[in-house]
Amino acid sequence: METKKTNIILFSGDYDKAMAAFIIANGAAAYDHEVTIFATFWGLNAFRKDQPIDVKKGFLEKMFGKMMPRGADKMGLSNMNFAGMGPKMIKHVMKKHNAMPLPDLIGMAKELDVKLVACTMTMDLLGLHKEELLEGIEYAGVAAYLAGAEEGQVNLFI
Amino acid sequence: METKKTNIILFSGDYDKAMAAFIIANGAAAYDHEVTIFATFWGLNAFRKDQPIDVKKGFLEKMFGKMMPRGADKMGLSNMNFAGMGPKMIKHVMKKHNAMPLPDLIGMAKELDVKLVACTMTMDLLGLHKEELLEGIEYAGVAAYLAGAEEGQVNLFI
Amino acid sequence: METKKTNIILFSGDYDKAMAAFIIANGAAAYDHEVTIFATFWGLNAFRKDQPIDVKKGFLEKMFGKMMPRGADKMGLSNMNFAGMGPKMIKHVMKKHNAMPLPDLIGMAKELDVKLVACTMTMDLLGLHKEELLEGIEYAGVAAYLAGAEEGQVNLFI
């Protein structure tokens with residue numbers, strides 16, 4: 001039997017949407033799908049290291065770098081963000097219900113061999129360097145995404 | 001000929017996005033697709049009854065319950081919400097053009113045998129109980145979604 | 001070999017999301033996919049001409065027409081819009097990196113024979129007339145979208 005494939009474009013930089021992406025990805029990997037998460041635009045923030053990394057940047061790239069959340073744990077909610085209160089509430093109920101926080105979901109994705117790909121074109125635009133992203137990320141463009149997606153059973157844009 | 005399948009994840013709690021989801025779902029059902037709408041996170045609000053239901057909840061769950069819109073008719077717009085004016089404008093022009101409001105689209109979906117599924121994991125997180133959701137909803141997790149989606153022709157995340 | 005098909009619903013009226021839609025569409029067209037972008041709700045704004053067109057409208061339709069961005073170049077960002085500063089920043093870094101601005105991406109899509117379809121039902125709702133949209137657009141409803149999507153390999157909702 002042919003291996004099924006799941007390809008998720010993670011465009012959003014929202015904590016809750018990224019959670020949904022990784023829960024679906026990890027579920028699909030557990031069902032033996034070949035799974036790829038292709039992060040682009042604000043979704044790249046989920047792959048950022050949580051500490052500032054010393055790289056040379058232009059002025060606008062520096063500004064983007066400062067204004068965007070540094071890593072999964074600092075991302076806001078798509079809804080009811082309430083100046084940061086929303087994520088705290090969600091994380092609190094998640095803890096209570098033993099649900100995995102986003103950084104753990106990303107760690108689990110790696111263990112399950114979910115392929116994490118960062119879109120090089122939007123990294124350029126937002127001034128993000130490889131040194132600033134997590135270890136174990138692959139780098140590619142829209143052509144690589146399409147080559148996977150045209151063979152995929154479950155293709156989602158999140 | 002094999003029955004085609006449409007699987008829509010309704011993540012968004014926006015009136016206009018939920019409208020799009022149900023218009024596509026009802027269209028696909030009219031074309032003899034097997035259709036499932038899997039509501040998760042804020043999308044669950046479309047399945048809420050419009051009256052408060054007396055269930056026992058913790059503090060945060062109570063807060064979420066109060067802050068989130070109680071049912072399809074009370075949801076806001078993803079764009080130009082204008083503190084609630086946007087939905088009124090949209091509903092006004094919809095009436096003028098004889099377009100179905102969201103609660104009617106949901107009713108029609110049920111008549112067309114669109115399977116409405118509530119994500120149990122996010123119900124837990126947001127503190128939503130079965131008693132608070134519409135009749136005729138099914139309850140499942142990401143595994144059930146994936147089992148359907150991997151056989152689907154049209155898979156969308158809304 | 002059968003021609004692969006990519007079908008993108010462009011629901012969002014955000015500059016960055018529309019960019020993503022057209023970059024994927026143009027990429028897929030370059031890989032010989034048959035590509036359709038079906039614009040609905042706020043996504044229709046990407047197809048608007050940038051000048052006011054004299055058409056007869058009711059009061060609410062006039063208001064929608066004024067409040068919504070007139071064409072691709074005037075759309076805001078989904079994230080970090082900062083009252084219009086965000087798009088300026090993005091366009092600045094795009095220029096620096098020789099990335100195509102959205103109106104050029106749309107022009108390229110036309111050259112690559114990407115089928116641009118405007119959803120007639122939501123045009124009615126938002127009071128948009130054919131005269132207000134770009135040349136070369138086709139007009140259809142959800143049935144036409146579904147007929148394409150059920151044969152598609154890459155179906156996305158953006």
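B:Ala28 sits in helix H1 (residues 15-30) of chain B. Helices (H or I, at least four residues) and strands (E, at least two) are DSSP runs, numbered from the N terminus. The model is predicted: local features need pLDDT of at least 70, side-chain atom pairs count only at pLDDT 80 or more, and totals for chains, interfaces and linings use all residues. Residues are numbered from 1 along each chain as its sequence is written, chains are lettered from A and ligands numbered from 1 in the order in which they are written, and side-chain values use heavy atoms, with hydrogens and water left out.

B:Ala28 has 0% relative accessibility, so it counts as buried. Buried means under 20% relative accessible area, exposed over 50%, and partly exposed in between (1.4 Å probe, protein chains only). Leaving aside residues up to four places away in sequence, B:Ala28 touches B:Thr6, B:His33, B:Val35 and C:Leu146. Contact means heavy atoms within 4.5 Å. B:Lys4 lies 24 residues from B:Ala28 along the chain, with 9.0 Å between the C-alpha atoms.

**The A–B contact.** Chain A and chain B bury about 2500 Å² between them, 76% of it on carbon and sulfur atoms. Buried area is the accessible area (1.4 Å probe) that two parts lose on being put together, summed over both. Chain A gives 30 residues to the contact and chain B gives 27 residues. There is one salt bridge between these chains, a salt bridge being a side-chain nitrogen of Lys or Arg within 4 Å of a carboxyl oxygen of Asp or Glu. A:Lys96 forms a salt bridge with B:Glu61, and the closest N and O atoms are 2.8 Å apart.

Three elements of chain A give two or more residues to the side that touches chain B:

| Element of chain A | Residues |
|---|---|
| helix H1 | 15-30 |
| helix H3 | 85-96 |
| strand S5 | 154-157 |

H1(A) gives the most, with eight residues.

**Aromatic pairs.** The whole structure holds nine aromatic pairs over all chains. Rings of Phe, Tyr and Trp (its six-membered ring) pair if their centres lie within 6.5 Å; planes under 30 degrees apart count as stacked, over 60 as edge-to-face and the rest as tilted. The rings of C:Phe38 and C:Tyr145 have centres 5.6 Å apart and planes at 40°, so this pair is tilted. The pair links distant parts of the chain, 107 residues apart: C:Phe38 is in strand S2 (residues 34-39) of chain C and C:Tyr145 in helix H6 (residues 142-149) of chain C. Both C:Phe38 and C:Tyr145 are buried.
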